[in-house]
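Take a look at the fold first, and then at a handful of its residues. The text below walks from one to the other.

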Amino acid sequence: MTREEQEKVKSKGYALAMRYLNNAKDVLRNAGREGDDDMAFKDTKYVSSASGIAYRGVLFAVRTWLESKDVKFPEADARGMNKGISIDFYRRHLTKHDKKLLRDLNLVYNDLHLSGYYDCTNSVSTINAGLKIAKDIIERVKPQGVA
């Protein structure tokens, strides 16, 4: 893949991943905070939704990064779903290419996907940590020349 092709792939993936991250932050604002210390969200329904949206944005970013490294993904079925792609697919390929990105993906997986989305945590610190790392991952696919 030429440098120009890589930048085109990154541009599309970065824009989509940032859109998801921004949407997640918008949804999270609806969760509200409880207590004087603001350490917990009031409504975990919004936390769960926001966590899932942000995690999906991270997956778009990681996929974009891997595609720029010429990693081939399984073809989509008739519904547009990619069979055989799980967190293990991403982990397996990141192990070969970038251990720091793998570590960050695992942190986001634990904070946003498991704790936020599935377990519906109300911990502000857990979700904020996940969102910070999510942004860091997405920034790694930022094309040159984008502000």
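Contact here means heavy atoms within 4.5 Å. Setting aside residues up to four places away in sequence, Ser123 touches Met39 and Phe41. Ser123 sits in the loop between α4 and α5, the latter spanning 124–139. Its relative accessibility is 18%, so Ser123 counts as buried. Buried means under 20% relative accessible area, exposed means over 50%, and partly exposed is in between (1.4 Å probe, protein chains only). The side chains of Ser123 and Thr126 are joined by a polar contact of 3.1 Å. A polar contact is a pair of N or O atoms within 3.5 Å; within protein, one must be able to donate a hydrogen and the other to accept it, and residues adjacent in sequence count only if both atoms are side-chain atoms.

A word on the basis of all this. The model is predicted: local features need pLDDT of at least 70, side-chain atom pairs count only at pLDDT 80 or more, and totals for chains, interfaces and linings use all residues. Residues are numbered from 1 along each chain as its sequence is written, and side-chain values use heavy atoms, with hydrogens and water left out.

Now the whole chain. How many helices and strands does the protein chain have? There are 5 helices and 2 strands. Both kinds are DSSP runs, numbered from the N terminus: helices are H or I with at least four residues, strands are E with at least two. Along the sequence the pattern reads α-β-β-α-α-α-α. The radius of gyration is 16 Å, close to the 15 Å that the globule rule gives for 147 residues, so the protein chain is as compact as a globular protein of that length. That radius is taken over C-alpha atoms, and the globule rule is 2.2 Å times the number of residues to the power 0.38. Along the principal axes, the C-alpha atoms fill a box of roughly 55 × 35 × 30 Å.

What share of the 147 residues is buried? The figure is 40%. Among contacts with a separation of 6 or more, 64% come from residues 24 or more positions apart. The accessible surface of the protein chain is about 8400 Å², and carbon and sulfur atoms hold 48% of that surface. These areas come from the Shrake-Rupley method with a 1.4 Å probe; for residues, only the protein chains shown count as cover. The side chains include 26 positive and 20 negative ones, and the centres of the two sets lie 5 Å apart. Lys and Arg count as positive, Asp and Glu as negative; His and the chain ends are not counted.

Next, the helices. Trp65 is in helix α2. It has a relative accessible area of 8%, so Trp65 is buried. Beyond its neighbours within four places in sequence, Trp65 is in contact with Leu94, His97, Asp98, Leu101, Arg140 and Val141. Gln6 is 59 residues from Trp65 in sequence, yet their C-alpha atoms are 9.0 Å apart.

Helix α3 covers residues 87–97, and Ile87 lies in it. Ile87 is buried at 13% relative accessibility. Its partners are Tyr55, Leu105 and Tyr109, not counting residues up to four places away in sequence. Ile87 and Tyr109 are 22 residues apart along the chain, with 8.4 Å between their C-alpha atoms.

Helix α4 runs over residues 99–118 and holds Asp104. Is Asp104 buried or exposed? Asp104 is buried, with a relative accessible area of 5%. Its side chain makes a polar contact of 2.8 Å with the side chain of Arg103. Leaving aside neighbours within four places in sequence, Asp104 is in contact with Ile133 and Ile137.

Finally, the loops. Gly35 lies between β1 (33–34) and β2 (40–41). Gly35 counts as exposed at 53% relative accessibility. Ala15 is 20 residues from Gly35 in sequence, and their C-alpha atoms are 36 Å apart. Asp70 is in the loop between α2 (44–68) and α3. Asp70 is not a glycine, but its phi is positive, about 65 degrees. At 40% relative accessibility, Asp70 is partly exposed. Cys120 lies in the loop between α4 and α5. Phi of Cys120 is also positive, near 55 degrees, in a residue other than glycine. Cys120 is partly exposed, at 31% relative accessibility.

Key:
The place of a charge is taken as NZ of Lys, CZ of Arg, CG of Asp or CD of Glu.
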